[in-house]
Amino acid sequence: MTQTKVEAPFVEGGGGSSFKNLVINGGQKIAQRATAATAVSNGSYQTVDRWKLYNVSDGAYTTAQTALSLTDQATTDGQTHALDIQCTTADGSVGAGQYAFIYHLVEAQNCQHLKFGTSSAVDLTLQFYVKSNLTGTTCGFIAKEDSTYCQAPFEFTINSANTWEKKVVTIPANAVIQASSSIINNDNGAGIGIGFNLLLGGNFDNGTNLTWETGGASYATTNVLNFLSSTDNDFFITGLQLEVGNDASDFEHLPIDVELQRCRRYLQRVEASGTDYGSFGSGANANTASSLTQHLFSPPMRTVPTLHTTGTAANYSVFNGSTGLDACASIPAINGNGGTNSQIRLEFIAASGALTAGQSTEMLGSDGVAAYLMFHAEL
Amino acid sequence: MKIENAKYHKDLISGKNGSINCVINGQHCSVPMNEENTEYQEIKKQLDAGTLTIEEAD
C-alpha cells in the first residue's frame, strides 16, 4: 500500500481554521446562570455566558437566552439560540453621561496574535446576525482594554423590522492601534471587548466609523439608536464571530462540549438535583458547626473564583452517619485564602453543636430545592 | 458594582481572614481575598475610596 503525505492547507488569520473566532459562545448556546428573562444590574453577567451587561440610564432591560425556530435557524446560518434583550422601562430622554450596552470581553492572552502596539497590528472583521423592531443605522464598538484605552465604533443598519439580518464590518488597524502604547499585555486580564450600544449619551458618541481612537468618548458615531426608548423595543443578536483579516469566513460552529468547556474557564455552575438531596462533595467536620470540603475546577479557571450561592442557608444541608441531616445555618462560603484557579476549600455551616468534630460529612443541596454553587471568574 | 453587607470570614485552619461574604448586585457571594479576583479588586477599590466598610468576622 502506498501512502501519500498530505500537507494541511495554509490558512491565514487567527491561528488557523480552528478557534479563529475570538468570541466565546458567539452562538449564545451556553447560559449557565439563567435562560429566562432577568433584569439587568449594571456591570453584571446574568443570563447567556460571557456577556457583561451595563446600564447607567433611567431605562431598564432584561436579557434572556431564546431558542430560534427552524425557520430562523435557516436564515442565521444554523444558529440555534440568540441573546434576547427587551426594554422594560423606557428612557426617551438620554442624558449626556448615560449609557447602556452589552459587552463581550476577550482575555488578553487570546489577543496576542492581533499584534496591537506594533506596526504589524491586524485588521479585524466582525460578523453577526441582528433583529429588532427598530430600524435605522446604529453603532457597536470594539474596545482595547489593556494599557492605553482605545475604541473603534462600527456602524450597521437594520433595514427591516423584526427580520434577522447578517452584518459584517471590518475595522482596519491604524496609527492609534499600532502605537506602542496600545500593546495588550500577555496575561489573564481583559484584552479587547466587543460592545453593542442600547442607549448612549452625547459624551460618548464622538467617534468616527471604523476608526480606532484613544480616550473614552468614541463608543459610537452620532448614528446610534435608542433601544430603550420604548417598552415595545427589543434587540436580538447571535452568530458573532470576530476574526483576523478583512474577510468574514464561515461561522465556526463548535461542538456543545467544546463551547461549554471554553465558557467554564470563566464560570462553573454545580447544581443539586432539585428533587432530592444532591451532593456537592464530601469532607470532614472541622468543629461542631463547620464542615470543610475541597472543590476542584475543570478546566482551571481564569483566576481564583468568587462563589455565588442562592443566598438562602436552608437550601444547603450537611449529613453524616451519627448526627444525621442538618440544614445549614449560614450560606456556604469559601474558607481560607489558599484557593487557586484549580481548587478551593468550601465551608458548609450548620447550627453550633449540630456536628461532631472530626467525622466525615457529605455536603448537599436540600430536598426539593434547586440549590447550586456557582464559581465566577469572569473578566 | 453594588456591594452590600460585606463581612470578613475566617479561615478555620489559620484563624486569619480568608474571604469576604457580601451581596454583589443582589447576588450572595463569597469573595476570596486574592488580588487577581475581579470582585476583590473592586472591594479594595471601594474600601480605598471610603465607600465600603467590611464588618469584622465572628
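User: In what order do the elements of chain B run from the N terminus on?

Analyst: Helices (H or I, at least four residues) and strands (E, at least two) are DSSP runs, numbered from the N terminus. In chain B the order from that end is β-β-β-α, with one helix and three strands. This is a predicted model, in which local features need pLDDT of at least 70, side-chain atom pairs count only at pLDDT 80 or more, and totals for chains, interfaces and linings use all residues. Residues are numbered from 1 along each chain as its sequence is written, chains are lettered from A and ligands numbered from 1 in the order in which they are written, and side-chain values use heavy atoms, with hydrogens and water left out.

User: What percentage of the residues in chain B is buried?

Analyst: Buried means under 20% relative accessible area, exposed over 50%, and partly exposed in between (1.4 Å probe, protein chains only). Of the 58 residues in chain B, 48% are buried.

User: How many disulfides does a search of the whole structure find?

Analyst: A disulfide is a covalent bond between the sulfur atoms of two cysteines. Here the criterion is a pair of cysteine sulfur atoms within 2.5 Å. The search over all chains finds zero.

User: Turning to chain A, where does A:Thr208 lie?

Analyst: A:Thr208 is in the loop between β10 (190–200) and β11 (213–214) of chain A. Its relative accessibility of 45% makes A:Thr208 partly exposed.

User: Which residues does A:Thr208 touch, not counting those up to four places away in sequence?

Analyst: Contact means heavy atoms within 4.5 Å. With residues up to four places away in sequence left out, A:Thr208 touches A:Pro153, A:Glu213 and A:Thr221. From A:Thr208 to A:Ser218, 10 residues apart in sequence, the C-alpha to C-alpha distance is 7.4 Å.
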